[in-house]
Amino acid sequence: MKQIVEARKIKKTYGARGNLFTALDEIDLTVQEGEFVGIMGPSGAGKSTLLNVLATIDEPTSGEITIDGFTILNMNEEQLSNFRRDKLGFIFQDYNLLDTLTVKENILLPLALAKIDVIKLEERVEAVAEKFGITAILDKYPYQISGGQKQRTAASRAIVTKPSLLLADEPTGALDSKSATDLLESLKELSEQEQATILMVTHDAYAASYCGRVIFIKDGKLFTELVKGKSSRKEFFQKVLDVLSALGGGTNDII
Amino acid sequence: MTLFDLAKKNIQGNFSNYLVYFVSMVFSIIIYFTFVSLQYNEKIQQSILLSNTMNFLFMASSLLLLLFVAVFILYSNSFFTRNRKREVGLYSLLGLKKKTIGKMLFYENFLMGMLALVVGIIFGTLLSKLFTMILVKLMGSSAEIEFGISIEAIGQTILVFLIIIIITSIQGYRLIYRFKLIELFHAAKKGELTPKVSIGSTVLGLLLLIVSYWLILRSFPEELTEGYILANYGIALVSMVIGTHLFFSSVVISLLKLYKRNKARYYKGTNLIGTSQLLHRIQGNARTFTMIALLSAVTISLFGAAYSGYYGNEKNSFEMVPFSYSHQSKGDEFDDQIESLIQADKEHPITAQVELPIVEVEGQLTFTFSYEVTAMKLVPVKAYNEVVKALQTGKVLSLSEDEAIAIKPRLTEYNSSLFKGEQLHLSDEMHELTFVDMLEGSVLPFDYPDFYIIVSDEFFTEIANDIKPKLYKVYEVEGEKSTAVTSEKINQLVGKEDFQVYPSFYTEYKEGKEGNALTLFIFGFLGLVFLAATGSIIYFKQLTEANETKTSYEILRKIGVNKRAVRNTIQMQTLFVFGLPLTVGIVHSSVILNFISNFISDLIGANVIVPIVTAMAAFIVIYIGYYILTVHTYNKIANK
Ligand SMILES: Nc1ncnc2c1ncn2[C@@H]1O[C@H](COP(=O)(O)OP(=O)(O)O)[C@@H](O)[C@H]1O
Ligand SMILES: [Mg+2]
C-alpha cells in the first residue's frame, strides 16, 4: 500500500529566544492511502499546528515531511502553491467560502485555477455536488445557505481535484448534529469507496468514531493511538471517550 | 485618568489608523489655506479689482474649494468612524457610559483637528510660497509678487475649519447614540448581494450618453439664442449626469455579466475571482465612480481650455496686434515724436517700418456674407507686400486692376471658397472687383469691423482720388516681447482711439499672458486638488475593501493560489477601479473640449491639441501614481 504522509520528528516552536514555546515536539506520523485518520487532544495541544504544517500553510522548525512522494520542505512559494492546488484539499471549521462566488463557482475554483477544460470541469462539479447532495443549491451564494450546506460546499471544493490528501480542521465544529453526521458519512464513504486519504482534527469523540484510526496529542507530543479495526462505531466511540478521560481534564474542557 | 487622557492614549495607541484621517485633514487645510493666501496676495488682489471675470473666478473657485474641502473631510471622517465602530462597541460593552464614550470621541476628534490645523497652516505657508513662485513664472514677470504671510488668510482658514472640526466632532459624539450596540459590531458585514440590472436601465444609460454627446457636439443653429443654449446644454448636462450614473450602475454590470457568459474564459485561472469581486462591489461604488468621472471630466475640460488659452496667447496676441507698434498718422510732429521714441530704445532696434494707406469704402457683395460689413478697408497690394516682408509671414502677391483678395476677418471661420469668383460692387456704382482668394493674417491691430480687402495699386490710386486714405504707420522691432518701457509710452501717446486693442504688441501679449496665467493657475490648482482628492477617495475605498476581502485572499492562498497570481488579480481589479472612471472622464472631457474648442478656438489660437493632450497626460500620470500606491498597499494588506 502507498504511503501518502510520512512525517518525521516534526518540531514547531514559537516565540523568541529565552521565551520559547514548543507547540509540536518531534512528532512522527505515517498515513497510508485510503486511511481516514482522526487527530484529537485538548485545546492548545498542537492539533491545528500539526495540520497546518502538513498542509504546507505553516513551516515546521525542524523535521522532514513527505507527501505523496514529494519532500515539501525544500519547495519555494510558487511550488508550494501549485502543490497545494494539485495534491491537497482543505475543509476548515469556518468553511472558508468566498462570499462573492456562487456555490458552484466556489466548488470549481480549484479546477479553474488549474486551468482545467470547461467541459471536464462542469462534469466534475456535477459529480461532486451530487455526492454531497447540494445539486439544488449550486446557483446560490454562501450567505443564502445553511451552515451544513456551506460545509458540504467546502468539502466538495476540497475533493473536486481528487487530491492525494484531504485535510480537515474541526469540520463539524460549527454544525448541528444532523449536518455533522451527514458530512461525516460522506467523508467515510469517500475514504472507503474512493480510497481518499483523510486527516481530520476534531475535539468531538462522535466525529472521531467515524475514523479508522485516531491519534491523540498532548502538549505537542504523541500521546497514544487507537485503531478501530473490526470494532463497531459504537464500541470505538467508547474507546475514544476512555482515552480522552485518561488524557486528563475530562471531555468538558476539551474545546 | 481623565477622559482627555483616554482620548490622547487612543490616538497614540492606534496611530496608523488615525494617520490616514489626519493626513486627509491636513491635506484639506493645506490646500484651502494656500488658495486663500494666494487670494489675499496683493498682486492678485489688483487683478481681482481690475477684472470682473477674475473676481468672479476667484469667488467661485474659493466657494467650490470650500464646499469640496468640507465634503472631503466629512467623507474621510465617515470612513474613519466606520473603521472604528467595533472599538466603540467594545467600550460600551465594557461598561463605559454612552455619554463618556461620546465625550471621548468628541475630544479625540477635536484634538486631532486642532493639530491638523496647526500643521496644515505651517505647511500651507511653505506651499503657498511655492505656488506663488509658480504663478510668477507662469505670468512671466520677475519679482513683481511679494510673498508674505497673510493674517487674513490665517484667520479665514481657522474660522472655516473650526466650524468643520466642530461639526465632525459632534458627529463623533453622536456615533454612540446613533447606532444600537449590535449594529456597531456588524459595521462592515452587510450582506453582499449580486447586483441585478434591467435591460431597460442599461439601454437608457447608453442612450442618454449618446444623446448628451450629440447635443454637445452638434453645430450651432443659424441663430444662437439664449433659450437654445439653456435648453440644449441643460438637457445635455442632465442626461450626461444621469447617463454616467446609469453607465456605472447598469451598463458596466451588464458588460461584466456578459463577460461571465463565456465560461471557458471565466472559469480560467483567477478571472473568476476578479470578475465576481468587481461585480459585487460596483453597485456600491457606482455613485463614487459617477462623481469621480464627472469631476475628472470637468477638471480636464477646464484645465485643458485654460491651458489652451495660455498656450495660444502668443499666437493670439500676434494676430490681434501684428506689429510691435502701430498708430495712425496725425501730422509730422506727432509721427516724429513716436518714431524718435522707438528709435531711442536701443535694446530693441527697428527691423522694419511700413506706411499703410487705408481707404474705407462701402459696397455690395454678390453673396451672402454673415459678417456685418458697414465698411470695407482697402489696402494697396504694394503696402501689403511690405507688411509680408516686414513680418516674414505669408507670400508676396500681385493683382491685376479689377482683382481683389479678402483678408479673413479675425475671430471668424470663413474659408476662401466663399470668396473665390465672387464680386464686390462699390457703392459709387462705378467699380467692380472680383475676389480671387481669401488670406489669413492681418496688418493692423484689431478694430471692428475687421474686413480688409487687398486691391491693386492702380485701383487704389484711383479710389484715393475720391476718398482721402487714412495713413497708418507701423514698426517692427527686435525682441518685441520685452519692450515694457517703450510700449507704455507709446500706449500713452497713441491713446485708445486708433484701435480696440493696444497699439503695442507687448502690452497685448503681457496682459493676455497674465490673465491667462491666472486662469490657468486657478484651474490648475483646482484640478490638482480634485485629482488628489478623487485619487485619495479611490485609495480609501480600495483599502477598506482590502481589509474586508483579506480573508478571501487568505482562503485563496490556502487552496493553492500563489502570491503572484493574487497580486495579479489585485492589480487587475485596482486598474479597473482607477481606469474606468478616468476613461469615462476623459471621453466626456474630449467631447466637452471639442465643443469648447469649436467655440473659442479662434479666440485662443488654433492649436488646442498640444495643451489638451498635455492636460490629459498630466491627469493620467498622477492617476498612475495613485494606482501604483494603491496596489502596493492593497497587496501589503491582503497578500502577506
Ligand atoms: N502564531 C503563534 N504564535 C505563538 N503561539 C502559537 C501560535 N499559533 C499557535 N500557538 C500556540 O501553539 C499551541 C498549539 O496551538 P494549536 O495547534 O492551535 O492548538 P489546538 O490543538 O487547539 O489546535 C497553543 O498553545 C497556541 O497558543
Ligand atoms: Mg485548533
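Contact here means heavy atoms within 4.5 Å.

1. **Contact between the chains.** This is a predicted model. By that cut-off, chain A brings 29 residues to the contact and chain B brings 27. The size of an interface is often given as the accessible area lost when the parts come together. For chain B and chain A that area is about 2,600 Å². Carbon and sulfur atoms give 63% of it. On the chain B side, B:Tyr267, B:Lys558 and B:Ile559 lose the most area to chain A. Together these three residues account for 28% of what that side buries.

2. **Overall scores.** The model has an ipTM of 0.83 and a pTM of 0.75. Chain A has an average pLDDT of 89, with 97% of its residues scoring at least 70. Chain B has a mean pLDDT of 83, and 90% of its residues reach 70 or more.

3. Residues 250-255 of chain A have pLDDT below 50. In the model this stretch has eight contacts beyond near neighbours in sequence. Where pLDDT is low, the predicted coordinates should not be read in detail.

4. **Confidence along chain B.** Among the elements of chain B, helix 9 (residues 199-217) has the highest mean pLDDT, 93. The lowest, 64, belongs to helix 8 (residues 181-185) of chain B. Over residues 187-192 of chain B the pLDDT is below 50. Seven contacts beyond near neighbours in sequence are made by that stretch in the model. The caution on reading low-pLDDT coordinates in detail applies again.

5. **Shell around ligand 1.** The residues around ligand 1 include A:Tyr14, A:Phe21, A:Ala23 and A:Pro42. Also among them are A:Ser43, A:Gly44, A:Ala45, A:Gly46, A:Lys47, A:Ser48 and A:Thr49. By class, the shell has five nonpolar residues, five polar and one charged. Helix 1 of chain A supplies the largest share, three residues.

6. **Polar atoms at ligand 1.** A polar side-chain atom of A:Tyr14 is 3.2 Å from a nitrogen atom of the ligand. Taken alone, ligand 1 exposes 570 Å², and the protein buries 57% of that. Two elements of chain A give two or more residues to the shell: strand 2 (21-32) and helix 1 (47-54).

7. **Backbone angles to check.** Most residues other than glycine have a negative phi. A:Lys9 has a positive phi, near 45°. A:Lys9 sits in strand 1 (residues 3-14) of chain A. A:Thr56 also has a positive phi, near 65°. A:Thr56 lies in the loop between helix 1 and strand 4 (62-67) of chain A.

Key. Residues numbered from 1 in each chain as written. Chains lettered and ligands numbered in written order. Predicted model: local features only at pLDDT ≥ 70, side-chain atom pairs only at ≥ 80, totals over all residues. Heavy atoms only, no water. Near = heavy atom within 4 Å. Polar contact = N/O pair within 3.5 Å; in protein donor to acceptor, adjacent residues only side chain to side chain. Areas by Shrake-Rupley, 256 points an atom, 1.4 Å probe, with all protein chains shown as cover. Helix = DSSP H or I, 4+ residues; strand = E, 2+ residues; numbered from the N terminus. Nonpolar A, V, L, I, M, F, W, Y, C, P; charged D, E, K, R; others polar. pLDDT = per-residue confidence, 0-100. Buried area = accessible area lost by both parts, 1.4 Å probe.
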